[in-house]
Amino acid sequence: MIKLIAIVQCHLVHQRCPGYFCDKAFVERTGGFENLDLAEDVRKLSFTCGGCCGRATHRKLMTLKEKARKYDNIEADEILVVLASCITKDNHHGPECPHHGYLKELIAKTGLAVSCDTHISKKAEKNRELGIYKT
Ligand code: SF4
Ligand code: SF4
């Protein structure tokens with residue numbers, strides 16, 4: 001069961017996005033938060049990849065893992081890393097992150113589980129169907 005969710009957002013997009021819809025999707029358990037096995041008192045925090053190429057993600061997650069265990073007895077297998085939709089998908093902020101695969105590799109090295117997507121916009125989904133957005 002997941003006790004802590006760590007949302008990783010695109011550093012470039014975050015310069016103008018406060019992450020409102022990521023939070024809304026989490027609260028309403030929609031988009032990438034549907035069907036997850038979450039503890040009732042699951043906690044959520046958000047931070048960015050640190051900028052291209054995203055390498056800071058590894059350091060941030062290793063620190064998170066250590067703090068969660070030390071201060072709250074949350075083990076690594078109770079943490080889920082969620083890559084925000086601005087990383088995983090083509091959307092109005094721009095195309096999918098060119099380092100998406102690399103970010104996943106970095107997360108794999110931390111030993112933490114990862115899932116893709118936070119908020120899924122209806123309009124963006126329509127544009128995907130129409131082929132305007134590629135992913
Ligand atoms: S997924 Fe959307 S709401 Fe979340 S950080 Fe990216 S652009 Fe902002
Ligand atoms: S590595 Fe990807 S997610 Fe991070 S700032 Fe660059 S484009 Fe955004």
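A residue counts as exposed when its relative accessible area is over 50%, and as buried when that area is under 20%. In this predicted model, tyrosine 20 has a relative accessibility of 56% and therefore counts as exposed. Phenylalanine 21, at 44%, is partly exposed.

**Aromatic pairs**

The structure contains 2 aromatic pairs. In one of them, the ring planes of tyrosine 20 and phenylalanine 21 stand at 90°, so the arrangement is edge-to-face, with 5.5 Å between the ring centres. Phenylalanine 26 and phenylalanine 33 also make an edge-to-face pair, with centres 5.6 Å apart and planes at 85°. Phenylalanine 26 is buried, at 9% relative accessibility, and phenylalanine 33 is likewise buried, at 1%. Arginine 29 lies over the face of phenylalanine 26, 4.7 Å from the ring centre.

Nearest the centre of the second largest pocket, among its 19 lining residues, are Cys10, Leu12, Cys86, Cys97 and Pro98.

The largest pocket is lined by 26 residues, and Phe21, Asn91, His92, His93 and His119 lie nearest its centre. At least two lining residues of the largest pocket come from each of helix 1 (20-28), helix 3 (85-88) and helix 5 (122-129). Helix 5 contributes the most to this lining, with 4 residues.

Definitions and conventions. Residues are numbered from 1 along each chain as its sequence is written. Chains are lettered from A and ligands numbered from 1 in the order in which they are written. This is a predicted model: local features need pLDDT of at least 70, side-chain atom pairs count only at pLDDT 80 or more; totals for chains, interfaces and linings use all residues. Side-chain values use heavy atoms; hydrogens and water are left out. Rings of Phe, Tyr and Trp (its six-membered ring) pair if their centres lie within 6.5 Å; planes under 30 degrees apart count as stacked, over 60 as edge-to-face and the rest as tilted. Buried means under 20% relative accessible area, exposed over 50%, partly exposed in between (1.4 Å probe, protein chains only). A charge sits over a ring if NZ of Lys or CZ of Arg is within 6 Å of the ring centre and within 35 degrees of the ring normal. On a 1 Å grid over the protein atoms alone, a cavity is a set of points where a 1.4 Å probe fits but cannot get out, and a pocket is an open set with protein on both sides within 12 Å along at least five of seven lines; lining residues have an atom within 4 Å of a point.
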